[in-house]
Amino acid sequence: MTGGVDVRTAAAEFDRSAVTEDEAAAEEQRKQVLSLFPLEEWGELPLKRYALGQGEPSASRPTYCQLMEFGTPHLGSIKGGSAAKHIMYHHRSGDWRLAAPLRGMDPQDAWAELRGQFVRAFDRVGEGDFEALDDLELLRFGPALVTKSLATYFPQHFLPIYANEHLRSFVTLLGGAAEADAPAWRRNRQLRELVHEREEFEGWTGQEVMHFLYAHFDPRPRQRTIWKIAPGERGRLWEECRDGGFICVGWDELGDLGQYQNDTELKQALDAYWPRSSGGSLTLARRLLAFRDLEPGDRVVANRGTDEVLATGTVDGSYRFDPDRPEFHHVVPVTWDDSRAQKLSKPQHGWRSTFAKVDPALFARFTARRSDSAVDADQAQEGVPVALPEDVQAVLDALERKGQVILHGPPGTGKTRLALGVALALAGRADMLGADPVQRARAQAEMLHGDRVHLVTFHPSYGYEDFVEGFKPDVSTTGPGLTLSLADGLFHTLCGRAAAHPEQTFLLVIDEINRGDLPRVFGELITLLELDKRNLPVSLPVSKRRFSVPPNVRIIGTMNTADRSISHLDAAVRRRFAFLPVGPDSDAVSGAVGPLDLAAFFESLNTRITRHLDADHQIGHAYLLRDGWPLATEGDLAAAFHHEVIPLLEDYCLGRADLLHRILGGLVDADTGRPVLMSPQDLADALATEFTSGVPGPDA
């Protein structure tokens, strides 16, 4: 049973005839692979016929890796991520990128080794010796490609499902035990055997099984980021994108985004091509990788400016690099719906750049309305389902998996706000997540006045007697002397209420959790936090009463890593909490103050802080917000910079004027560390010159 749907029932209701066309297309693609790359010719297959990145192969003679990733979608997808999945590929820099066991080898020698393992894999499967596959260590560096290859050449032995996590989910769904370190091909075989054991799948093909499992039990995240993507400056490419069924972006000099394995590598390429860029290259690198990794079913928005929705769309294919286009070579297929085209009642400041995240609540509101509606596009609609933001969903998933979570990151990154957002979702008030600050604050206050959610801030004097139980002065007595009476602590009280209402979830939010002496505060209850030890009774040492932690209790802690790193936490505490980073978000401060691009300044400043201090001492986006919006005036910018940012950095630099100067450059005196005085109007210009001109800072 998953999501309330029984596998047997769902299988009985599944329309297998709907897969017929896809199955025919898959067979044609399989024949193409067998024709271009016959199994008997693999032993002599040259490297130029295998690897990506060796020029642009023709459509009639693609390389093996190109055909498997881009030319055979009906055989199952292995798209997404970088070209590293192919074990070896030719990088546009001219270098060969090789998996770890091959590094340092001549490319031809490396290919001979890799090709030999492919041939041995094909031979062993042909002989029915599936266990021998696990001995081919080099193939473990490309499990999705290898498993798709095996399923293509031997469809009778494998299913067209290749992502290891997806296979693990499906194995568990069908009652199997998922081994922790099983390669994708072994898990694929395990899933196939489980399918064949169930009578409801009797006579089903691999294509039918694959389509059924993804249709009813898709293991991919329920909530994915919704991206706003501008189709060129002021939407100049919109008609082409709409008519062609795609979205495209520039930065063509980068070449195929599949060649970049991580954001750092892509950032370095951006810096090389645009050395005087505005300072947002790391953020841009992450956005481009997110664009590359869009999956079918993901939702996107095309915009013009900051207040116009041109259309909403659903991704229906995978990223490709198209050098035959005159410009904007990075392309993702999209099915567009322009019936929701509309002007928003207020601009979205984060929409100034090509990419921006769209708040799910906003997306739900303007997609629930036709373009000819007379109702304001930003008003909430009754009955519109509320989609949870990605960060809220991530915390909820971690709570479900672990029971308690610590949100950690630099100050000002919104950790407490996120914790309270999760609390609103658990309390059934997810509609308030996208509300204006006043409405949201009111909803949070109402929630905290109830019985299901408690907020507490730890401090050095907070103890076991405050949290669990202890003898405290009884202020209700009137006699002489001090009378002590046993009192339940906050957590004891919350657990009592949770035990009385097992159908509801109870949440404790602990702000600044690392400021308390956690072993002393939790005492013996630290053991009971583990989900498999919930309802396990212990005898409390003070009162000797029996106590247990109910399974419907959850805990969210927040901690500033600038105050104390995770490594300083007690090991027993670390084992029982999931740790989710909450970092600076440049999207939140997308805007401008005079000549200063706030997001570029924010990222450039944090880059310097990371270089000269460390990542834990970055500043959070909250320092550049006012009433939830990016700073918009020179006066607000000057106040935030001089009264909040500089004092924080002075504290971090521990009186070292030279260190502060390396971070802030010309904004402070190099000898004294004294901030340079200037008018608010001049400050915006000075910050733009210092941080967003593309000129490295001092001692960079």
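This is a predicted model: local features need pLDDT of at least 70, side-chain atom pairs count only at pLDDT 80 or more; totals for chains, interfaces and linings use all residues.

Q: How do helices α20 and α21 run, roughly parallel or roughly perpendicular to each other?
A: Helices here are DSSP runs (H or I, at least four residues), strands are E runs of at least two, and both are numbered from the N terminus. Axes are lines fitted to C-alpha atoms, for helices over the stretch in contact, with angles from 0 to 180 degrees between N-to-C directions. The axes of α20 (residues 598-612) and α21 (residues 634-653) come within 14 Å and cross at roughly 10°. Angles under 35 degrees count as roughly parallel, over 145 as roughly antiparallel, 65 to 115 as roughly perpendicular and the rest as oblique, and α20 and α21 are therefore roughly parallel.

Q: Which residues of α21 make the contact with α20?
A: Contact means heavy atoms within 4.5 Å. On the α20 side you'll find Leu598, Phe601, Leu605 and Ile609, and they meet α21 through Leu637, Phe641, Val645 and Leu649.

Q: How many nonpolar residues does the contact of α20 with α21 have?
A: For the classes, Ala, Val, Leu, Ile, Met, Phe, Trp, Tyr, Cys and Pro are nonpolar, Asp, Glu, Lys and Arg are charged, and the others, Gly among them, are polar. The contact of α20 with α21 has no polar and no charged residues, and its nonpolar count is 8.

Q: How is α21 placed against α23, roughly parallel or roughly perpendicular?
A: The axes of α21 and α23 (residues 680-691) come within 8 Å and cross at roughly 70°. That makes the two helices roughly perpendicular.

Q: How many charged residues are in the contact of α21 with α23?
A: Glu634, Gly635, Leu637, Ala638, Phe641 and His642 in α21 meet Pro680, Gln681, Leu683, Ala684 and Leu687 in α23. By class, the contact of α21 with α23 divides into 7 nonpolar, 3 polar and, for charged residues, 1.

Q: Is Leu637 buried or exposed?
A: Leu637 sits in helix α21. Setting aside neighbours within four places in sequence, Leu637 touches Val593, Leu596, Leu598, Leu631, Leu683, Ala684 and Leu687. Buried means under 20% relative accessible area, exposed over 50%, and partly exposed in between (1.4 Å probe, protein chains only). With a relative accessible area of 1%, Leu637 is buried.

Q: Which helices do the buried residues of α5 pack against?
A: In α5, 9 of the 11 residues are buried, so this helix is largely enclosed by the rest of the structure. Its buried residues pack against α2, α3, α4 and α7 (184-197).

Q: Which residues of α5 make the contact with α3?
A: The axes of α3 and α5 come within 11 Å and cross at roughly 85°. That makes α3 roughly perpendicular to α5. Tyr64, Cys65 and Met68 of α3 meet these residues of α5: Leu145, Lys148, Ser149, Thr152 and Tyr153.

Q: What is the phi of Ile87 near?
A: Ile87 is in the loop between α3 and β1, and at 2% relative accessibility Ile87 counts as buried. Its phi is positive, in a residue other than glycine, with a value near 75°.

Q: What distance separates the C-alpha atoms of Glu199 and Arg8?
A: Glu199 is in the loop between α7 and α8 (206-217), and at 58% relative accessibility Glu199 counts as exposed. Glu199 and Arg8 are 191 residues apart along the chain, and their C-alpha atoms are separated by 9.0 Å.

Methods. Residues are numbered from 1 along each chain as its sequence is written. Side-chain values use heavy atoms; hydrogens and water are left out.
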